[in-house]
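Hi,

Here's the structure I said I'd pass on. Have a look, and my notes follow below.

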Amino acid sequence: MSSAPAAPSSRVVIVGGGPGGYESALVAAQLGAEVTVVDTDGLGGSAVLTDCVPSKTLIATAELMTEMSTAAELGIESTDEQGDHATGIHVDLGKVNARVKRLAAEQSADIARRLERDGVRVLQGRGRLDGPGKVVAELADGGSESLAADAVLLATGAAPRTLPSAVPDGERILTWEQVYDLTEVPTELIVVGSGVTGAEFASAYLALGIPVTLVSSRDRVLPGEDADAAQVLEDVLKRRGMNVLSRSRMQSVARDGDVVTVTLSDGREVQGSHCILALGSVPNTADLGLEEAGVQTDDGGFVRVDRVSRTSARGVYAAGDCTGVLMLASVAAMQGRIAMWHFLGDAVAPLDLKKVSSNVFTAPEIATVGWSQRTIDAGEIQAETVMLPLRGNPRAKMQGVHDGFVKLFCRPGTGIVVGGVVVGPRASELIHPVSLAVAESLTADQLAQAFTVYPSMSGSVAEAARRLHHF
């Protein structure tokens, strides 16, 4: 990619310091623009401070606990100082959450140092549009500053959705941003919502040894993911002791002392010590001056953008969760980069969601890229499918892995790989060769003929590709 410098007069103002904001700031600075970031909550945004980095740090502890639960199968036994079999290991949730917060703060500080090094000005405060070419920053330390801009990028993110009948109190009824203040281990945790966020927290806390009830309004966990993958996960969660309530819609959540009661729409009640609400997200787009600046939003309040991140207002771009395009940190960052490449005249390709890889950090993990089984079944694209269980993989046998699979989709005739699913430990890493194949339009034969290490989990990716060989 070329990097022809922008004219010195190019002024870029970015509202929001999350992945969409700080990544776009780095690109704009690299291309010679004068860049100001107006940040409200801390650099890194929710992805670094309250969502992605914290949750995956918590999940890292949960992963270790999951691995320890299978230690006996691998010949590892724990005993206490007297030589008796130990009663088990436990988690110090206070220490776990302290580590979570420390790592999030360190990551935010790293981002601040990089922006400073690249000459990006950062203002702490809340920014709003004053027409398409100006941002007013209400500064955290008082006062305000008016910033003229040749281009504005909105990257204000989103916040956990709540309901009047289920109001978080930050102590026992919690959003996913509030769980890191817990110092006591819940005796019985209820998770409301079986999408990605709900499934991840339910899986993590179950691995930490906490009894979990998952309330799902749909007929299965992860209704938006590959059905075969979701079924594997739900079977594993139930086998490990999770109480999964399918087709059970939450009506209200109330607290009475140390007891939280979730009332379902059919009148049933579920009680626990704590409840996590995972009800989706709402965009942070209120009071940003969008309508006055001519920036259109959809019915949910998300900013409408095209594939190069332009809004309906000239010179105003948007990136990340406030657009509702695909709520992933990687997509937010790419939207932000694309916006700056486009505005500053660098080489740019429109966002292609069919090349986005994503992962659900449950145990086992679920990673996907490209076209899905659902779209194939619906006839939106013709593709051949192969699904190879991991239990036949020699490395999986050595590590005591019994659940999971590799699934590949390729076009009939050409054999070009158009999508895939990996379910298993570290699926987030195993999906990469499939992502490369999808991004570069490789054939199943080309994917199969690349060397893999023996024994390795990635060998199953190559084996699945070999099974799609076209004569």
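Arg11 is partly exposed, with a relative accessible area of 32%, where partly exposed sits between buried (under 20%) and exposed (over 50%), using a 1.4 Å probe and protein chains only. Bear in mind that this is a predicted model: local features need pLDDT of at least 70, side-chain atom pairs count only at pLDDT 80 or more, and totals for chains, interfaces and linings use all residues. Numbering runs from 1 along each chain as its sequence is written, and side-chain values use heavy atoms, without hydrogens and water.

Back to Arg11: its side chain forms a salt bridge with that of Asp150 (3.4 Å, N to O), the term meaning a Lys or Arg side-chain nitrogen within 4 Å of a carboxyl oxygen of Asp or Glu. Arg11 is in strand 1 (residues 11–15) and Asp150 in the loop between strand 5 (144–148) and strand 6 (151–154), so the pair ties together parts 139 residues apart in sequence. Strands are DSSP runs of E, at least two residues, and helices runs of H or I, at least four, numbered from the N terminus. Asp150 is partly exposed too, at 33%.

The structure has 22 salt bridges. Another joins Arg172 and Asp258 (3.4 Å, N to O); those two are 86 residues apart. Here Arg172 is buried at 9%, while Asp258 is exposed at 53%. Then there's Arg102 with Glu106 (3.9 Å, N to O), four residues apart in helix 4 (residues 93–117) and so separated by about one helical turn. Glu63, Glu67 and Arg426 are linked in a salt-bridge network.

Cheers
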